Amino acid sequence: ATAALAWASLVRAGEERLAGAEARIDSALAKLGEAEVDARALAETALKQKKQVERSGEQLSDMLRLISLTTAEAQRRKGVLAISKRLLTDNAERLARTRRERLDGLGEVVSLMELANEAVASIADKELHALRTAKNPPELAKLVLDCIHLLRALPLEPFALAEREPSKSEQNAMRARELKGMPPLPPLTVVASWAETKALLDEPEFVSGLLAFDKEALAGETAELLESYTALSEFDPVVARRTSAALGALVQWVTSLVAFNRAGDRIRPVLVRVRALELDARMHEWRVHEAEAGLASNESEVFEMQARFDAATHRRTLLAAEARASAEKLAVYRSLVAALVAERPRWVATRAAAAAERATLAADAAVAAAIIAYGAPMPADTRKSFAREILALCCAHELRTREAFEAGQWASSGVQRARWEGAGLPSGCAHALGSALALRHGAPAGWPLLL
């Protein structure tokens, strides 16, 4: 019974020790496999991050080139804008000189035309309506509206002349001709087209249209037709104002326009230069406006691209920091894995040794239990002979023990041998069994070999 108890205790302790060692080795090998998988995953992540940093650098280079090109285009547009402004300034100076020359050539007709425009601007709508609705409108009103109809290139009835009632001065002239034996010349007037022209007075833009009329663009044929009207003795602003202030203003405007055109004929080359310079001024103003708009667009693009470049640079900095951190972490992982891989052969060998020890565990425990149960204080040669007999008995029963078996050394641990040495007992391999037996018989605590 004592031997069986010792054997069972030794087998259980050996199983627990071997199971713990195998579990630790299996756990270490499993963690080594996990570390290798993690290292490969981390290496892939580090490679991806490195490629992202490289692509980000290429994108930054492209953005920088685009910013440079756009900035160069903005500089070019600045040059174009400066040239356009200089041309506009030069044109403005030439235009100012030519306009002064025109004013000098036109003389007082300019002030007369300005006075006529002021008179037209002062016409009230009710005055125009009164002319329009008059049952018996004055002939002068019909004539002046004919002139405005001609200026607007609207159709009229065929031009015709008719006799009219002579004035006192005309009557005196006719008598003088009769006294000289010459035939009298009755005064003539133009037959007006009142039916077509009176509708002009109801137009909302009638007055504003007269003020906006381009007096320098008056055609020569139209001017000649207007002179046929203004040459009439009754076509006089002073006479017209006696009938209506509006009629007087219209007659004044037409006569001033004809006088302006007559004066313009004398300085036609100057007027042509003025018109050409005004067209050039508009063209240069358009070019300046276009250059300013293009420059503003370029500068806006540069600002937006610079903002995107700054954001991309910040992202690249973050990516680079992450890549460095991953590279450092990968280096640590690789160092750790390399160290663990170096330990793998030892772990595998220890695992194999544990498997081999498990194979002889029952026989080794039986030998140790027999020595503990049946052994007693005896000389060393006797102890060795006794151990050999027990080993032979195990072999006879096909119980295989480990090679170079030392029962006392196998059935103890380093801690136990240290305790024996502390108790004054020998701890060498040859004395381990004797020390165990001595403690067993000298202390009532039980089995010191099985702690």
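S56 touches A312, R316 and L319, leaving out residues up to four places away in sequence; contact means heavy atoms within 4.5 Å. This is a predicted model, in which local features need pLDDT of at least 70, side-chain atom pairs count only at pLDDT 80 or more, and totals for chains, interfaces and linings use all residues. Residues are numbered from 1 along each chain as its sequence is written, and side-chain values use heavy atoms, with hydrogens and water left out.

Student: Where is S56, and why is S56 called buried?

Tutor: S56 sits in helix α1 (residues 2–106). Helices are DSSP runs of H or I with at least four residues, numbered from the N terminus. Buried means under 20% relative accessible area, exposed over 50%, and partly exposed in between (1.4 Å probe, protein chains only). S56 has 9% relative accessibility, so S56 counts as buried.

Student: What makes α4 largely enclosed by the rest of the structure?

Tutor: Twelve of the 13 residues of α4 are buried, so the helix is largely enclosed. Among the buried ones are L140, K142, D146 and H149.

Student: Why is α4 called roughly antiparallel to α8?

Tutor: The axes of α4 (residues 139–151) and α8 (residues 220–230) come within 10 Å and cross at roughly 180 degrees. Axes are lines fitted to C-alpha atoms, for helices over the stretch in contact, and angles run from 0 to 180 degrees between N-to-C directions. Over 145 degrees counts as roughly antiparallel. That makes α4 roughly antiparallel to α8.

Student: Which residues make that contact?

Tutor: From α4 come L143, D146, C147, L150 and L151; from α8 come T222, L225, L226 and Y229.

Student: What makes the one aromatic pair edge-to-face?

Tutor: Rings of Phe, Tyr and Trp (its six-membered ring) pair if their centres lie within 6.5 Å; planes under 30 degrees apart count as stacked, over 60 as edge-to-face and the rest as tilted. The centres of F213 and W253 are 6.1 Å apart and the planes stand at 75 degrees, so the pair is edge-to-face.

Student: How do you know whether F213 and W253 are buried or partly exposed?

Tutor: F213 has a relative accessible area of 23%, so F213 is partly exposed. W253 has 1%, so W253 counts as buried.

Note on methods: Helix = DSSP H or I, 4+ residues; strand = E, 2+ residues; numbered from the N terminus. Parallel < 35°, antiparallel > 145°, perpendicular 65-115°, else oblique.
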